[in-house]
Amino acid sequence: MTLFPLLDTLFPAGHDASVTRQVIAGTAHTAIGPVALLGTVDAAAISHDIALRLASQVLDLVDQHPGRPLIFLVDTQGQALARAQELLCLNGSLAHLARCVDLARRRGHVTLGLITGEAVSGGFLSFGLMADRVYALQSAQVRVMDLKAMARVTKIPHERLVALAASSPTFAPGAENYHRMGAIEALWDTPSSELLEQALAQLRASQPGGDNRLQQGRLRGGRQEAAAIVAAVLAA
Amino acid sequence: MNLPQPSPPSRGPSFYEATARQRVNRLLDAQSFAEFLPPQSAHSSPHLALLDLPGALDDGVVIGSGTLGGKPVQIIAQEGQFLGGAVGEMHGAKIVGLLQRAIRDKPLAVLFLVDSGGVRLHEANAGLIALSEIMRAVLDTRAAGIPVFALIGGMCGAFGGMGIVSRLCSAILMSEQGRLALSGPEVIETVAGVEEFDSRDRALVWRVTGGKHRYLMGDCVALVEDDVEDFRQTIITLLAQWQENPPEPHALRAEQERLTQRCQQFSGMRDGLEVWAALGVPNPQQIPLLERDALVTLRQGLSL
Amino acid sequence: MDQLTFQFPAQPCKPSAKASLCGVVSSGNLEVLITQGGQPNGCEVSIHTSARGFAPIWQAVLADFAAQHALGGTAITINDMGATPAVVTLRLGQAFRDYCGGAQ
């Protein structure tokens, strides 16, 4: 499903989202009232320009619509790969975006990420993964690196990685792995307005703010070490 | 993804050449360091064992508490020599745990000795999620009024998610040898070609990602010598005057303005030399040769 | 990766630290952890090494070290990424000095 039919499905009461140079922004109507939409399309490579335009939208929302829920539409191939970008400290602009999302959370905006396409590395870290809860369409592609490239870099045979990926969620691409490890709340087989409104209602009721991913990863069996280590550090 | 680089000569014990444990012991007051989850009570990563690789008992990061100039601090030090200081499940959880503990114990500051290429590919998903948790935990620590200082001067620099984490900290201290960026030059060269970024051109790599460039641009607050003692003295001075402010819209608006303005000012540039010239540096080609003190004086003379 | 374990007879040692760690797991290097072991007149060694097929060399290097140092009552844990015997002996010596605090 392409993005606009998807948004029409998710928001039958209407939305006014529009796309400018790979950034999508707008407002949608839901049973709990208006929600802000913000994200990227066409597997955007996150550059200074995109990060700063997203950040600016988040700051405007905090100013103009205090408390309005924020839905991130995630579709990114990662960060822009260019020397000119690094020269101006791309990690700094991505950090700024993450701080703006963090500010919105602290000011009472619930944030919900929905991976509509790809979710990769730095682009995912600075934005989608900063949401209180992240959901993914069944077709979503979530990864750091594909297994062939990983085999090249780590010098571990590709067949070996493929075989191990069948039993371990730790390294291989796939939204299901991120679900087992606690970073994705649920995968949606068929996107629907009911699922979205349920998710928003749950989010508002649960008074998020705390990071629940360690516990979810432990409960779902995908990340057994992390929660125990954090507990051990606190007890040390 | 970042190859170790040979270090230029330095004065005291080199920060660049030291291991994470040596850095911690020399940075903090003598005998004051108490390690959390020390090697004798730890086990190495089961994920690495599954891939038939030997792990390290500390999983490449040392955490604990100590004093700095007599004041209580907590500390995180990544070991760049072990798998590039990269973040896996256990490594990341130790950092998150330390930051959560800082919120509870309220030390004067957290010192984060960053030396990392970012996500550990052998545990890619666990590493990415851990980095996201570290980002949130750094922001939570700062929101609790405890400053987090990033110290960058190791052989792996601060790349990938650790580059983002570093810029989420209250302030960054860097040595000239330190590097700070998102994608490593090797990654950009592999994907975009050697014309885009020649990762073997060390001088270029430093003009784009190195400590002097980041200092001239205001992305790190202090440029220090490659000397653990200089890091120590600088952080003591900084801490004495530091005021950690809660996250506020006006501060983020100001940062938004600064970042937007400089993207316009330096649009299209691809080399530190061009940026330094645009900043008004009289002889940009001299920058790589300048001593630290001379560079600090030069920067103070620029209208930034 | 090879996982090896050895036991060597050794004179009892007088530790001055609870544990000592030397070295870093990186190419051509290793970490050596010495802690208290279960046998006063013996030393237990457990090794993870990325280099396969070097058990006889480990055996020889460690037996030599155990014969020359009072390692009794210690347990030694090693994580190795292809260190040479000279580097192994160097790290063992550093870790042992720290463990005994120069009392040796």
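**Exercise 1.** This is a predicted model. Find which residues of α3(B) and α4(B) meet, and sort the contact by class.

*Solution.* Start on the α3(B) side: the residues that meet α4(B) are B:E89, B:G92, B:A93, B:I95, B:V96, B:L99, B:Q100, B:A102 and B:I103. Now go across to α4(B), where the partners are B:A126, B:G127, B:A130, B:L131, B:E133, B:I134, B:A137, B:V138, B:D140 and B:T141. Sorted by class, the contact comes out as 12 nonpolar, four polar and three charged residues.

**Exercise 2.** Work out how helix α3 (residues 89-105) and helix α4 (residues 124-143) of chain B are oriented.

*Solution.* First, take the numbers: the two helices pack at an angle of about 15 degrees, and their axes are 9 Å apart. Next, hold that angle against the cut-off: angles under 35 degrees count as roughly parallel, so α3(B) is roughly parallel to α4(B). Last, the hand: α3(B) and α4(B) make a left-handed crossing.

**Exercise 3.** Does the radius of gyration of chain A agree or disagree with that of a compact globule?

*Solution.* For 236 residues, a compact globule would come out near 18 Å; chain A has 18 Å, so the two agree. For the dimensions, the C-alpha atoms fill a box of roughly 50 × 40 × 40 Å along the principal axes. As for burial, 54% of the 236 residues in chain A are buried.

**Exercise 4.** How many residues of chain B are in contact with chain C?

*Solution.* On the chain B side, count 14 residues, in contact with 16 residues of chain C. Split by class, that side of chain B has seven nonpolar, five polar and two charged residues.

Definitions and conventions: Residues numbered from 1 in each chain as written. Chains lettered and ligands numbered in written order. Predicted model: local features only at pLDDT ≥ 70, side-chain atom pairs only at ≥ 80, totals over all residues. Rg over C-alpha atoms; globule rule 2.2 N^0.38 Å. Buried ≥ 20, exposed ≤ 12 C-beta atoms within 10 Å, placed from the backbone. Contact = placed C-beta atoms within 7 Å. Nonpolar A, V, L, I, M, F, W, Y, C, P; charged D, E, K, R; others polar. Axes fitted to C-alpha atoms, helices over the stretch in contact; angles between N-to-C directions. Helix = DSSP H or I, 4+ residues; strand = E, 2+ residues; numbered from the N terminus. Parallel < 35°, antiparallel > 145°, perpendicular 65-115°, else oblique. Left-handed = near helix turned anticlockwise from the far one by under 90°.
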